[in-house]
Amino acid sequence: MRSGFIAIVGRPNVGKSTMMNKLIEEKVAIVSNKSGTTRDRIKGIVNKGENQYIFMDTPGIHKPRHLLGEHMTNVALETLKGVDAIMFLLDGTQEISTGDEFVNDHVKAVNTPVVLVINKTDKMSDQEIQDKLEEIKEKLGDFDKIITIAAEYGIGMHKIYGELQEYLTSDVWYYPEDMYTDISINKMIREIVREKLLFYTKDEIPHSIAIEIVNIENTPKIAKYDINIYVERDSQKGIIIGKDGNLLKKVGSEARLEIEALLEKKVFLNLWVKVKKNWRKKKDFLKELGYDE
């Protein structure tokens, strides 16, 4: 029996959480087309034969502009220091950016095997993949291994397990056989609500949203949750509520259905939208929300 911890890193919005969910074959990380969706480290556990792979999805590494962004980048960078291998994910359809180079500098600074993963190759021709490999060598240098995948469709996932097997260094399993994540139920619920809000909002609003569960009533057949949705400006509050409360009702309905499937019981959600000006820059409030070291 062998096991190991593998960090999934990259700049924002390259498909890290989508890949994580496909690897685990369960939804453990929320997904959206907005950058900065993942705000914390998320573990996903997969058992293949006698091997246990512990994947660690991380926030996109970037140069932060506020305390929340600083927390997100610090989480990712700290994760690099305590793993057996690193998967550095690139969006193959985009040119290698200064953001990718910024991640590469940090990845190369730790003494850990790095597997480069080129995502979205379903949208690339064979020639474009070859061109990408040359661009990688020129701008990012050499890597222990390079894998091509299309995370959205689960293409190439099997290659990841094969290439990472040699980096599993522990001779014990860290998690029970039936466990696929260590995320708490309450955190999953907060993230489900946030995911629905991300889907229906745009511009700066997705980055300004925070979710807090303030009260729970739980019985064997019914669960009731009072949830605060925080934004930074009054105008954002109006947008999230929507005309006649329609957007908030839609978010609540969709989140409730997904939470009911998760808990396998009836769920009632009471959603309240509140303004907390500049909350992303307030250390004490970030700590209350769980965004601390």
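E264 sits in the loop between α8 (246-263) and β9 (266-275); helices (H or I, at least four residues) and strands (E, at least two) are DSSP runs, numbered from the N terminus. The model is predicted: local features need pLDDT of at least 70, side-chain atom pairs count only at pLDDT 80 or more, and totals for chains, interfaces and linings use all residues. Residues are numbered from 1 along each chain as its sequence is written, and side-chain values use heavy atoms, with hydrogens and water left out.

Phi of E264 is near 60°, a positive value in a residue other than glycine. Most residues other than glycine have a negative phi. E264 counts as exposed, at 73% relative accessibility. Here buried means under 20% relative accessible area, exposed over 50%, and partly exposed in between (1.4 Å probe, protein chains only).

N13 also has a positive phi, near 65°. Its place is the loop between β1 (2-9) and α1 (16-24). N13 is partly exposed, at 36% relative accessibility.

Helix α3 spans residues 98-108, and D100, V103, N104 and V107 are buried in it. These residues lie on the same side of α3, because they cover an arc of only 105° around the axis. The arc is that of the directions from the helix axis to the C-beta atoms. T98 and D105 are exposed on the other side of α3.

D100 is 26 residues from D126 along the chain, and their C-alpha atoms are separated by 22 Å. D126 lies in helix α4. D126 is exposed, with a relative accessible area of 66%.

## Charged surface patches

E128, D131, E134 and E138 form a negative surface patch. Patches are made of residues with over 30% relative accessible area and no salt bridge; like charges are joined within 9 Å, and nonpolar side chains (Val, Leu, Ile, Met, Phe, Trp, Tyr) within 5 Å. A salt bridge is a side-chain nitrogen of Lys or Arg within 4 Å of a carboxyl oxygen of Asp or Glu. E134 is exposed, with a relative accessible area of 55%.

R233, K276, K277 and K282 gather in a surface patch of positive charge. K276 is in the loop between β9 and α9 (283-288). At 32% relative accessibility, K276 is partly exposed.

Key:
Accessible areas come from the Shrake-Rupley method with a 1.4 Å probe; for residues, only the protein chains shown count as cover. Lys and Arg count as positive and Asp and Glu as negative; His and the chain ends are not counted. The place of a charge is taken as NZ of Lys, CZ of Arg, CG of Asp or CD of Glu.
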